[in-house]
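Subject: Handover of a structure and findings

Dear colleague,

Please find below the structure that I am handing over to you.

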Amino acid sequence: MEKLMEQFLEQSAQAEDNFYRMEEQRLQAEDRRREAEHARELQMLQMLGQMFASISSSGSASAPSKTANPGRRRPSGVRYLVPALRCVFVVDHSGLKLARTLNTLTLFISSVFERFYGLGSTSHRGMEDDILPLVKNIVPPLTSKKHKGQDGRIGIIGGCQDYTGAPYFAAISALKVGADLSHVFCTKDAAVVIKSYSPELIVHPVLDSPNAVEEIEKWLPRLHGLVVGPGLGREDLLLKTAKARGEVIEKSKARDIPIVIDADGLWLVTQQPSVIQGYQKGILTPNFMEFTRLYEALHHEPMDSSDYQRSVMQLSVAMGNLTLVLKGEQDFITDGSKVYSCNLEGSGRRCGGQGDLLSGSMGVLAHWAHAASTAGMIRSMNPSVVAAFGACSLTRQCNSQAFQRHGRSTTTSDMIQEISSAFKKLFES
């Protein structure tokens, strides 16, 4: 049975690699097609420019051209259009008289050059415009050729007697975003409760068992991503078991699995930063208080609360350029090289559980982002940053949509119901 399982997992990984390889080839072919199309359009514009210039020079009525920015250098072809502005010409063919004002035509042609060269554009595009296309690019297409589990098998480590909602929110959010399977590794007294929330989840009551590490480890080969912390709790027994001297996280790192650490999982990092330090597929998602504790644990001095961007950059560097998400009025995301701000409008409602929606969705997006990076589909940015920005944007969009429906009564369950439409609006429109 074990050999069959290993063979199945190997075939699954090979099928996934083949898919991303074919997808990369398709994108390269599409890029070549677009470049050829752009070259043809540019050639036509240059020919039109020459024609208009000859019309203007032959005595057609024309007005002196006034460019919006005379000091800007324009590419070859545009200079032929300038003398022809507002020039009117008449063409008679088979008794049909066609009149056109070149002013309108020139505006159209200029818009094409704007698209190619960005002429005359002085507006600064927001970070959403820069990063959201990358998030869209990592979303795997839905096809009938895939098998169950190929789009993501995510594990959530957390859930105890006092906190059963957090791991459920994280796990169900992972499914709603697009993961095929969600596993929850929790304590025995939390398992039945979490199972009763949804039949969609696979629940393992192992977190408080003496051999918790071994029980979780045997599932790691089947997981694409790990979320540590939602509902973990801070009881001494739980901390000792879940921490297990970092064995679970270390074994996950050895398998090169993306790891998102949130909530009480961050308490473990505060006590033992080396457990995740320098791991490039790791993401920490602290709120302000969790961030403050972690910052002071590493720097041994109070944080400068007047400059959050500088502080989050410093902490990321201290953690070995680990990707950090400082949640707040706007979410600051960095891997130590640059700070990105996600300020997509949400709402003033701050109900409990929103961070679990964030971490669960981030677990899926991290798997997709790193798989896309391996396939060569992301080259310009750290895949963990792309995943983090996507999850932050999605959570904020869900919050906004749920608040429009429910106002002050909005809960995380309402937000989860908005994941489908919010995802479509942000990443599939």
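The chain contains 16 helices and eleven strands; helices (H or I, at least four residues) and strands (E, at least two) are DSSP runs, numbered from the N terminus. Please note that this is a predicted model, in which local features need pLDDT of at least 70 and side-chain atom pairs count only at pLDDT 80 or more, while totals for chains, interfaces and linings use all residues. Residues are numbered from 1 along each chain as its sequence is written, and side-chain values use heavy atoms, with hydrogens and water left out.

Of the 429 residues in the chain, 50% are buried, where buried means under 20% relative accessible area, exposed over 50%, and partly exposed in between (1.4 Å probe, protein chains only). Taking contact to mean heavy atoms within 4.5 Å, 69% of the contacts between residues at least 6 apart in sequence join residues at least 24 apart.

The nonpolar cores come next. A nonpolar core is a set of buried Ala, Val, Leu, Ile, Met, Phe, Trp, Tyr and Cys residues joined through side-chain atoms within 4.5 Å. The largest one has 63 residues, and those with the most contacts inside it are Ile138, Leu201, Ile333, Met362, Trp368, Leu394 and Phe427. Helix α14 (residues 383-406) gives the most to this core, with ten residues. A second, separate core has 37 residues, including Leu226, Ile259, Phe291 and Leu298.

Ile138 touches Leu365, Trp368, Ala369, Ala372, Ile378 and Val386, if residues up to four places away in sequence are not counted. Ala369, one of these partners, lies in helix α13 (residues 354-374). Its relative accessibility is 0%, so Ala369 counts as buried. Apart from neighbours within four places in sequence, Ala369 is in contact with Ile138, Ile378, Pro383 and Ala387. The C-alpha atoms of Ala369 and Leu134 are separated by 9.0 Å, although these residues are 235 apart along the chain.

Helix α13 also holds Ala371, which is buried with a relative accessible area of 14%. Between the C-alpha atoms of Ala371 and His224, 147 residues apart along the chain, the separation is 9.6 Å.

Helix α5 (residues 165-177) has 13 residues and should span 18 Å at 1.5 Å a residue, and the 18 Å between its end C-alpha atoms agrees with this; the expected span is 1.5 Å times one less than the number of residues. This helix is mostly covered, with eleven of its 13 residues buried, among them Tyr168, Phe169, Ile172 and Leu175. Gly178 follows α5 and has a positive phi, near 145°.

The axes of helix α10 (residues 264-271) and helix α11 (residues 288-299) come within 9 Å and cross at roughly 10°. Axes are lines fitted to C-alpha atoms, for helices over the stretch in contact, and angles run from 0 to 180 degrees between N-to-C directions. The two helices α10 and α11 are therefore roughly parallel to each other (angles under 35 degrees count as roughly parallel). In this pairing, Leu266, Trp267, Val269 and Thr270 of α10 meet Glu290, Arg293, Leu294 and Ala297 of α11. By class, the contact has five nonpolar, one polar and two charged residues; Ala, Val, Leu, Ile, Met, Phe, Trp, Tyr, Cys and Pro count as nonpolar, Asp, Glu, Lys and Arg as charged, and the others, Gly among them, as polar.

Yours sincerely

Methods
Parallel < 35°, antiparallel > 145°, perpendicular 65-115°, else oblique.
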